Amino acid sequence: PNEDTADHTAEVFEGADRRLLTVMFCDIVGSTKMSERFEPEDLRDLIRRYQKVCGDVVEAYDGHVAQYLGDGLLIYYGYPVALEDEAYCAIRSALEIMDQLENDAEILQKLGAPMQVRIGIHTGSVVVGEMGGGGRNEHLALGDTPNVAARIQSAADPGEVLISASTHRLTEGLFNTQALGERQL
């Protein structure tokens, strides 16, 4: 690499932003069984439809799909544009994703049943900046918040939106919720 490239790369990686972010993880329930049931091309079409449905809903609520992780989605609310109601937008979109996947005609036709997902949401401080190398750079949030959101998603039951206490505090009274007590994540 020449000197100009090295200088540019250093500038890109220095630009990180500390902010409050609501992170949502969404993952398909039973994706391993789906991969056994469908030919790879058909599975790809089904996953792409799921990604499209989720992406459209996320976009409508000013969210940002940070990563497509196989049959999972990592979604940020409050990045790249800060939102006053990011926790509300995350929960609202999670509920709409559940509804859309349950009623999507294309998914129903291919699966013969509604697609179920698990969703976990957590709000906390992160540092967002460009990560990666070798021509594969992504803007990722680092800190405990994405990890906690992923663990919350893993603890959710199929068809459930599970939120952290910090997200609940920001949205208290706006949704019908049920306290489940502390969980070991």
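Me: How many salt bridges does a search of the whole structure find?
Reply: Five. Bear in mind that this is a predicted model.

Me: Which residues are linked in a network of salt bridges?
Reply: Arg49, Asp104, Glu106 and Lys110. The side chains of Arg49 and Asp104 meet at 2.6 Å, N to O. That pair links distant parts of the chain, with Arg49 in helix α3 and Asp104 in the loop between α4 and α5, 55 residues apart.

Me: And Arg49 with Glu106, what's the N to O distance?
Reply: 3.7 Å. Arg49 lies in helix α3 and Glu106 in helix α5, so this pair ties together parts that are 57 residues apart in sequence.

Me: Where do Lys110 and Glu106 lie?
Reply: Both are in helix α5, four residues apart, about one turn of the helix.

Me: Is Asp104 buried or exposed?
Reply: Buried, at 8% relative accessibility, because the cut-off is under 20%. Arg49 is partly exposed at 23%, as is Glu106 at 32%.

Me: Switching to packing. At what angle do the axes of α3 and α4 cross?
Reply: Roughly 145 degrees, and the axes come within 9 Å. The crossing is right-handed.

Me: Which residues meet there?
Reply: From α3, Tyr50, Val53, Cys54, Val57 and Val58; from α4, Ser93, Glu96, Ile97, Gln100 and Leu101. They divide into seven nonpolar, two polar and one charged.

Me: What comes after α3?
Reply: Asp62, with a positive phi near 60 degrees.

Conventions. Residues are numbered from 1 along each chain as its sequence is written. This is a predicted model: local features need pLDDT of at least 70, side-chain atom pairs count only at pLDDT 80 or more; totals for chains, interfaces and linings use all residues. Side-chain values use heavy atoms; hydrogens and water are left out. Axes are lines fitted to C-alpha atoms, for helices over the stretch in contact, and angles run from 0 to 180 degrees between N-to-C directions. Helices (H or I, at least four residues) and strands (E, at least two) are DSSP runs, numbered from the N terminus. A crossing is left-handed if the near helix is turned anticlockwise from the far one by less than a right angle, and right-handed if clockwise. Contact means heavy atoms within 4.5 Å. Ala, Val, Leu, Ile, Met, Phe, Trp, Tyr, Cys and Pro count as nonpolar, Asp, Glu, Lys and Arg as charged, and the others, Gly among them, as polar. A salt bridge is a side-chain nitrogen of Lys or Arg within 4 Å of a carboxyl oxygen of Asp or Glu. Buried means under 20% relative accessible area, exposed over 50%, partly exposed in between (1.4 Å probe, protein chains only).
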